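Dear colleague,

Please find below the structure I promised to pass on, followed by some notes on what turned up when I went through it. I would be glad if you read the notes with the coordinates open beside them.

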Amino acid sequence: MKKNRRDFIKMSGLIAGSTLVGFNTNPIIAQKLSGKKNMNSSKMKLSYNPYTLELKHVFTIATSSRKTTPVMLTKIEYEDFVGYGEASMPPYLGESQESAAKFLSKVNLSQFNDPLDLENILNYVDSIDSGNAAAKASVDIALHDLVGKLLNKPWHKIWGFPKDTTPFTSFTIGIDTDEVVKQKVHEAEEYKILKVKLGRDTDKQMIETIRSVTKKPLVVDVNQGWTDKEFALDMIYWLKERGIDFVEQPMPKNQIDDMAWLTEKSPLPTIADEALQRIPDVIKAFGVYSGINIKLMKCTGMREAHKMLTLAKSLGMKVMLGCMTETSCAISAAAQLSSMVDWADLDGNLLISNDPYDGIKVIEGKVTLNDYPGIGLK
Ligand SMILES: [Mg+2]
């Protein structure tokens, strides 16, 4: 009996040992760690700094106007590698540099030995507090950047997504006077699709002004601006005749029955934005909207965005990939998913004048991935 127990302990040790050997001989990790300290003695270190994005134009949507966007820039250091992340926090979403700093001060990554343990690490980050989606995304993005650098691969490649079939990005034209709108359309010459912000009593005038200077495909974002479903349906028919491809968040997010009615009758796809944040919202949007707008800052980052993309596609829904005003850091991270979506709206870094990063580019209107490991920052 005693001998059997001793044999069992010995056997357990062998199994544990072989697992460890298997792990350490992972060729990629072994290569990255050769000549360096043992992985178990390495710790990830998270740091963060507030930064204020300056917008090129005052940006007006149905509910607000502003000239700056507060962000938090994050870094995870591990051995000789650094992963970069970002939280972008437009004021109407309820997060701030103060709330992000408070959240990030609670994140203790030193308890994890392996940065590749993404599921456990990010579940822990998510469990620290509710909300704080952008602050959580800033850790998620930095961790993905770090892991991509450890594996020496860009994330689109790790995920097995094509590199070249990325979409054109739309370029956003905010609500403004006719002259400024025409000027903005002129400046957006490079972009193949324009996104027009609607939801005020000047909607038809906005579209007619833009149509007087360009024949490009347009998409519209109403930001919940239409409260009457019959009016919304009339507007969508009017928009369809003027070459609009889809309508984003036409009605308030809590008017679910009206929205389902509208989607059923609408000649254009309807896309959920304000109505959608995380995975459970994809299920709620099914049957109510034709598609969803995934944004890293709403859904806590790349890992959940990837899961939402997979879920929405499996439900036969359209997928759009959007952003806030962000630096090239978060835009490059989102772009890693872009070849799998129906539409991209990744112009957030193009709207600011003080981008501290250099990452993926929009070339002749097309989201163009690079081969840099991680999220694609240079
Ligand atoms: Mg939107």
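I173 has V196 as its bridge partner in β5, and β5 covers residues 193–197, where strands are DSSP runs (E, at least two residues) and helices likewise (H or I, at least four), numbered from the N terminus. This is a predicted model, in which local features need pLDDT of at least 70 and side-chain atom pairs count only at pLDDT 80 or more, while totals for chains, interfaces and linings use all residues. Residues are numbered from 1 along each chain as its sequence is written.

The pairing of β4 with β5 is parallel and runs over four bridges, two strands being taken as paired if DSSP finds at least two bridges between them. Together with helix α7 (residues 178–187), β4 and β5 form a right-handed β-α-β unit, meaning that, with the strands pointing away from the viewer, the path from the first strand over the helix to the second runs clockwise.

Two loop residues also deserve a look. E79, in the loop between β2 (64–78) and β3 (81–88), is not a glycine but has a positive phi of about 50°, and E79 counts as partly exposed because it has 16 C-beta neighbours inside 10 Å. Q249, in the loop between β7 (244–248) and α10 (256–265), has a positive phi near 35°, again in a residue other than glycine, and Q249 is buried, with 25 other C-beta atoms within 10 Å.

Best regards

Conventions. Buried ≥ 20, exposed ≤ 12 C-beta atoms within 10 Å, placed from the backbone.
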